[in-house]
Amino acid sequence: MANVEESSPFLPSQKSDSNNEMKPTKPSSSNSDKIPAPWAAAEPVRPPSSAVSTGWTAEGLTMGHSVGTAVVGQPIMRRAQWESSLCSCFGKNDEFASSDFEVCLLGTLAPCVLYGSNAERIGSSPGSFTNHCLPYTGLFLIGQSFFGWNCMAPWFSYPSRTAIRQRFNLEGNCEAVTRSCGCHGGFVEDEERREHCESTCDFLTHIFCHPCALCQEGRELRRRLPHPGFNAKPVRFMMPPGDQTMGR
């Protein structure tokens with residue numbers, strides 16, 4: 001047995017382990033420095049910073065986002081600005097200056113033509129000009145004949161302003177006023193209430209500033225949409241060769 005114990009390489013380690021278990025351990029200088037004293041004040045645990053997001057959920061919220069809390073850095077949809085203001089009768093001094101002057105003349109002398117042209121650019125379908133210009137002309141004549149001013153046509157034309165604003169995600173008059181005043185309440189954040197108010201503002205703009213509203217819409221459409229007639233394919237004409245004579 002003594003020979004077996006001496007030849008086994010595992011027995012000395014077992015004996016040393018048993019001896020180490022019997023001996024009381026003394027804290028080393030390195031361990032004693034790491035072990036805090038019982039009377040030492042523990043450092044307060046700092047909560048993780050909420051500004052650093054660790055990930056995003058499928059709904060677009062940060063990890064650990066609870067109901068009722070705001071998400072830091074969440075993108076907010078902003079409306080685009082109109083290319084020109086409501087009172088910019090002659091437009092802007094750019095490559096569309098001549099077109100803006102034409103729009104100003106049409107809005108003053110022939111608003112029915114300008115409204116039909118705007119509807120044609122929005123609809124981009126055959127007959128859009130006629131289907132909008134003729135009813136506008138009839139309402140224009142009724143208002144001028146019975147009331148002395150164009151008070152009937154704006155009831156028919158104001159939806160075009162709403163269509164332009166929704167198509168290009170433009171800022172409405174109510175939102176522009178609240179933004180200039182610094183009021184960013186629930187009215188601006190509620191999409192349904194905002195759209196209802198913006199539609200009312202579109203109607204009032206056409207009632208009280210009808211020529212200016214038509215001109216602003218015309219300038220906006222000419223900068224954003226080409227005329228539907230420009231999308232037609234060019235037609236090529238083959239000219240027959242002329243009479244050829246052989247020189248002597």
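Cys 174 and Cys 201 form a disulfide, with 2.2 Å between their sulfur atoms. Cys 174 belongs to helix α8 (residues 173-181) and Cys 201 to helix α10 (residues 191-208), so the bond ties together parts that are 27 residues apart in sequence. The model is a predicted one.

Take Cys 89. Its closest cysteine sulfur is in Cys 212, 4.8 Å away, which is too far for a bond; a disulfide needs the sulfur atoms within 2.5 Å. Cys 89 is partly exposed, at 35% relative accessible area. Cys 104 is in no disulfide either, and the nearest cysteine sulfur, in Cys 215, is 5.4 Å away. Cys 104 counts as buried, at 14% relative accessibility.

Now turn to helix α6, residues 128-146. At 1.5 Å a residue, its 19 residues should span 27 Å, and the end C-alpha atoms are 28 Å apart, which agrees. Which residues of α6 are buried? They are Ser 128, Cys 133, Tyr 136 and Gly 143. Seen down the axis of α6, these fall within an arc of 95°, so they line one face of the helix. An α-helix has 3.6 residues a turn, so residues three or four places apart point the same way. The cover over the buried residues of α6 includes α5 (111-123), α7 (153-167) and α11 (210-224). The face turned away from the buried side carries the exposed residues Asn 131, Leu 134, Ser 145 and Phe 146. Just after α6, Gly 148 takes a positive phi of about 85°.

The structure holds five aromatic pairs. In one of them, the ring centres of Tyr 115 and Phe 156 are 5.8 Å apart and the planes stand at 65°, so the pair is edge-to-face. Tyr 115 lies in helix α5 and Phe 156 in helix α7, so this pair ties together parts that are 41 residues apart in sequence. Tyr 115 is buried, with a relative accessible area of 4%, whereas Phe 156 is partly exposed at 28%. Tyr 136 is one of the buried residues of α6.

The charged end of Arg 161 sits over the ring of Trp 82, 4.7 Å from the ring centre.

Key:
Residues are numbered from 1 along each chain as its sequence is written. This is a predicted model: local features need pLDDT of at least 70, side-chain atom pairs count only at pLDDT 80 or more; totals for chains, interfaces and linings use all residues. Side-chain values use heavy atoms; hydrogens and water are left out. Helices (H or I, at least four residues) and strands (E, at least two) are DSSP runs, numbered from the N terminus. The expected span of a helix is 1.5 Å times one less than its number of residues. Buried means under 20% relative accessible area, exposed over 50%, partly exposed in between (1.4 Å probe, protein chains only). The arc is that of the directions from the helix axis to the C-beta atoms. Contact means heavy atoms within 4.5 Å. Rings of Phe, Tyr and Trp (its six-membered ring) pair if their centres lie within 6.5 Å; planes under 30 degrees apart count as stacked, over 60 as edge-to-face and the rest as tilted. A charge sits over a ring if NZ of Lys or CZ of Arg is within 6 Å of the ring centre and within 35 degrees of the ring normal.
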